Amino acid sequence: MNKNPKIALVGNPNCGKTSLFNALTGLRQKTGNFPGVTVDRKIGVTRLDKTTEVDIVDLPGTYSLYPKSLDEQVVLDILANPASKDYPDVVIMVADASNLKRNLLLFSQVSDLGFHTILALNMVDVAEAHGLIIDVDLLSQRLGVPVVLINAKSEEGLGNLKFAIKGELMEHSELPKPVLRLDTVSKEFIQEIKSQFKVANDYLAMLMAGQIEKLRFLTSENRTLLGDINRRHSFQHVDFQTKETVNRYKILGAIADESIRKKDDQPRETFTQKLDKVLLHPIWGYASFFAILFLIFQSIFSLAEYPMDWIDSGMASLNEWLKSTLPEGLLTSLLTDGLVAGIGGVVVFIPQIAFLFTFISLLEESGYMARVMVLMDKLMRKVGLNGRSVVPLISSVACAVPAIMGSRTIQSWKDRLITIMVTPLMSCSARLPIFTIMIGLVIPEKTILGIFNLQGLALMLLYLLGFVSALLSAWVMKKVLKVKERSFFVMEMPVFQLPRLDHVVMAVWNAVKAFVTEAGKVIIAISIILWVLASYGPGDSMEQAEQQVIKENPTLSQEELGNAIASAQLETSYAGRFGHFIEPAIRPLGYDWKIGIALLTSFAAREVFVGTMSTIYSLGGDDDTDTVKNKMRTEINPETGGPRFTPAVAFSLLIFYVFAMMCMSTLAATYRETKSWFYPAVQFTYMTAIAYVAAWITYQAML
Amino acid sequence: MAARNLSQLKLGEKGVIAGFHDPNLALKLLEMGCLPGTEIRLMAIAPLGDPICLQVGDYTLSLRLDEAAVVELQ
C-alpha cells in the first residue's frame, strides 16, 4: 500500500471523468458517449511534479449523493465513509460546462461534505457551440473553490488542474464554505447524530440520517440507533431531500446565471436535435437501426475475408515449413500439430474481431447507444427487461463478462437479474470463429439481389436468433419471477460527437489483444493437453493399433498407410476413448466422437472449439499442412462415405453454439454480480438444455 | 382548462413544470434539473410511442410516458 494522497474524480454521468482519468494516469480505461460506462471505481497514479505522486480514483457518474443504482452507490460508499480506504484528500468535480446548473448540484453536496474540492469544467467547446460563455473567475469566487477549464479528450488544461491539486494539498489550504444552510431541520437533531456517531460534518450527519439503508458501513446497531433518533425528531427523509434539492438549485441557479453569459437568446436547433429527428423517427428510426446492424454483419463477412485468407494460408505454410525443417519427432509434432494448429485456429479470427469492435466502439463513442436504449425500451419492458438492458445485450456481442458487469446501471433488481441471466444468449465474439467455419462449410459464397452476401446474411440471422431467444427467455423469467417492482428509465441523452480515431483504434487494439492473450492462454494450455491425450493411449494400445493397420492393409502405399495408422491411433488414444465415451449422448445431434472431443474441450471456453478441431484433424492424418476449413471440408464420415460436415451436422452445431453456455468466465461473472451460485447454475442448465434440444430438432429435421 | 401532465404534450410543444404526483420519482427528476417553473419541450417520441425525449434547460432527457405522467404542468 502506498501513502499517496488520494484524488477522487466525481461528476454527473457521461461528463468525461474517465477521459480525464485516462489523460491523467496514462491508463486506457473504457470510455463511451453514454451514461454509465464506468460502473466501478478505478485507480491510477499521476505525478504532480518531480516529488509528488497522487492516486487518482475514478468513480461512476451520479446526479446526487442519493444513489438509485449499484454504480451510483459506489460514490456514496466512498465519500460518506471517512474510514474507506479510498476516502479522498481532494475531490475533482468534473462538470459538463454546457449543463452547468445541474452539474453544480452534486458539486455543492460534495463540497458541503467538507472536501477540498476543485471544479473542473469539461466540454467547454460544446457550451460555446450552444452560445454559452462562462466567467471562470466569477464562478470560482462565488463557489469559493478553484475552477479550472479542461478538455479531457484533447488533454488541455491538465497543467492548471495539477497546479490546483497541489494548492489544495497544501497544509493551509482552506475548505470551501457550505453552500446550503441546513435550516429545514433542527440544530439539536444534527448535533445528536454528530455526537452519537462522532461525525464532524453537518451534512454528513444528514446523509446518514437520510440514507440509513444505503450506507453499507453502518452496523445494524447503528441503524437502529439512527432510526430512533430520526423518529424522535420526526425526520422525513424524502421531504428533506426534496427541499434540499430545490434549495440547492435556487442558490446554484443564481450563481450559474451570474457567471454564464448567453450569446443569443434564440435557441438554435443543434446538430444533435436534427439528427435525433431522423434516428428517433417512427419509421426512419428503426430503418436506420437495422441498416446499421446489417452493415456491421455484411462487413464482418465480406471485408474481413481477405485478411483472414492471408492469415489462414500463412499459418498453413508456417506449419509446412516447420515440419520440413525440424527433425521428425515428438517435439515437432507437439509444436506443429498441437501448438501451431491450435493458435492458428485463433489468430485467423483477428480481422473479424477487429471489425466487430470497430463498429461497437463507433456506436459507443458517437452517442448512438443511448438512442438505441430509447428505441428499444418499450419492447424490452414487454419482456421484463429495461431500455438500459440494451447496453449489456449489445456489448455482449463482444463479450458477456463486461456486459454482465454493465448491468449495474439498471436500478430495478428484477430487471437487472433478468438482464444478467439472458445476456450470454447474445452471440459473443468467441462464437464468431465457430459460426464462420460452419457457415463457410455449408453456405455458398454467393451474392443475392446484387448486394447481399449470403454468408453475411446467415451470420446476421444467427445473431438475431440469439437476440430473439434472449428476449423470449427474459419473458419466461418475467412470468416466473412475478416480482412487482417499479422500474425507472429516466435517462440523459448525450450530445452526438464525432468518434475519435485514437479511441476507436485503442478499443480495437485492446479487444484484439485480450482475445489473443486470454483466448490464447486457454487454447495453448488445452492444445498441449489435448495433444498429449490424443498422442498417447493406455498401455501399448497405440503400437497395437499400428500393427493392426499394417496387418489389415498390406497393399496400401506408404502415405496412405501413414494416414490410416494416424487415424487408428487417434481413435485408440485417451482423447479418442473420451470422445467415444460421450458419443452416445451426442449422436442424436449428428456429432461423432471427434466433434465430441471438441465439445468437451470447449466447455471451459467456446473459442477452443476450432483450435481443437484443427489439432484433432492434424493428428488424425490426412494433409497436415492444409487450413482448418479445408481439413474439415475433406473429413469423411466412414459410415456414409460422404462428407462428415453435412448441412444437417453443420446447422446442428451452429444452433448448439448459439445457445450453449460454454464459458466459465461468464458463469463466474454471474456469480459475482448475483452473489449466489444458484443463478449461474440455472443459467448453465437452461442454456445447455435449450442448446441440446434445439440442436437435436435441427439435426433430425434436416436429415 | 384542466391541468395537464407532461405525457400529454404534443411534439414540439412547450410546457412549464408545476409539480409532481410521486415524491420518490420527483426526487430523481428534481436532481436532474426538472424543477417547478422549468420550461420543458417535447423533442421526440420513440417509434413505439414510448419513451419520449424532452429538452430540459440545456440538455435532453428521456422519460417513459408513465414517468412523464407524474409531472404536472402549469
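This is a predicted model: local features need pLDDT of at least 70, side-chain atom pairs count only at pLDDT 80 or more; totals for chains, interfaces and linings use all residues.
**Entry 1. Overall make-up of chain A**

I started with the whole of chain A. The C-alpha trace spans about 100 × 55 × 55 Å along its principal axes. I listed the secondary structure of chain A and got 31 helices and eleven strands. I then looked up burial: 48% of the 703 residues of chain A count as buried. For the contacts in chain A with a separation of 6 or more, I noted that 72% are between residues 24 or more positions apart.

**Entry 2. The nonpolar core**

I looked up the largest nonpolar core next, and it has 218 residues. The residues with the most contacts inside this core are L9(A), M93(A), A95(A), I118(A), L119(A), A120(A) and L654(A). I also asked which element gives the largest share of the core. That is helix α29 of chain A, residues 647-659, with ten residues.

I picked L9(A) from the list and looked up its contacts, leaving aside neighbours within four places in sequence.

**Entry 3. Strand β1 of chain A**

I went on to strand β1(A), residues 6-11. Five of its six residues are buried, and I put the strand down as mostly covered. I then checked which strands are joined to β1(A) by bridges. One is β3(A), residues 53-58, which runs parallel to β1(A) and is joined to it by four bridges. The other I noted is β4(A), residues 90-96, also parallel to β1(A), with five bridges.

I followed A8(A) to both strands. Its bridge partner in β3(A) is V57(A), and its partner in β4(A) is V91(A).

**Entry 4. Helix α26 of chain A**

I looked up burial along helix α26(A), residues 593-601. The helix is mostly covered, with eight of its nine residues buried. The buried ones are W593(A), K594(A), I595(A), G596(A), I597(A), A598(A), L599(A) and T601(A). I noted that K594(A) is among them.

**Entry 5. The contact between chains A and B**

I then turned to where the chains meet. Chain A gives 35 residues to the contact and chain B gives 28 residues. On the side of chain A that touches chain B, the elements giving two or more residues are α3 (100-112), α10 (237-259), α11 (271-279), α12 (284-302), α16 (368-382) and β11 (491-493). The largest share of that side, six residues, comes from α10(A). By residue class, the side of chain A that touches chain B divides into 17 nonpolar, ten polar and eight charged residues.

**Entry 6. The sheet across the two chains**

I followed β11(A) into chain B. Three bridges join it to β4(B), residues 59-63, and the two strands run antiparallel. I found M491(A) opposite S62(B) in β4(B).

How many strands does this open sheet have, and in what order? I read six strands in the order β11(A)-β4(B)-β3(B)-β2(B)-β1(B)-β5(B), with antiparallel pairing. The edge strands are β11(A) and β5(B), residues 71-73, and each pairs on one side only. The twist averages 45° from one strand to the next.

Last, I checked the pair within chain B made by β1(B), residues 14-20, and β2(B), residues 39-45. Three bridges join these antiparallel strands. K14(B) has R41(B) as its bridge partner in β2(B).

How values were computed: Residues are numbered from 1 along each chain as its sequence is written. Chains are lettered from A and ligands numbered from 1 in the order in which they are written. A nonpolar core is a set of buried Ala, Val, Leu, Ile, Met, Phe, Trp, Tyr and Cys residues joined through C-beta atoms within 7 Å. A residue is buried if 20 or more other C-beta atoms lie within 10 Å of its own, exposed if 12 or fewer, and partly exposed in between; C-beta atoms are placed from the backbone. Two residues are in contact if their C-beta atoms, placed from the backbone, lie within 7 Å. Two strands pair if DSSP finds at least two bridges between them. Ala, Val, Leu, Ile, Met, Phe, Trp, Tyr, Cys and Pro count as nonpolar, Asp, Glu, Lys and Arg as charged, and the others, Gly among them, as polar. Axes are lines fitted to C-alpha atoms, for helices over the stretch in contact, and angles run from 0 to 180 degrees between N-to-C directions.
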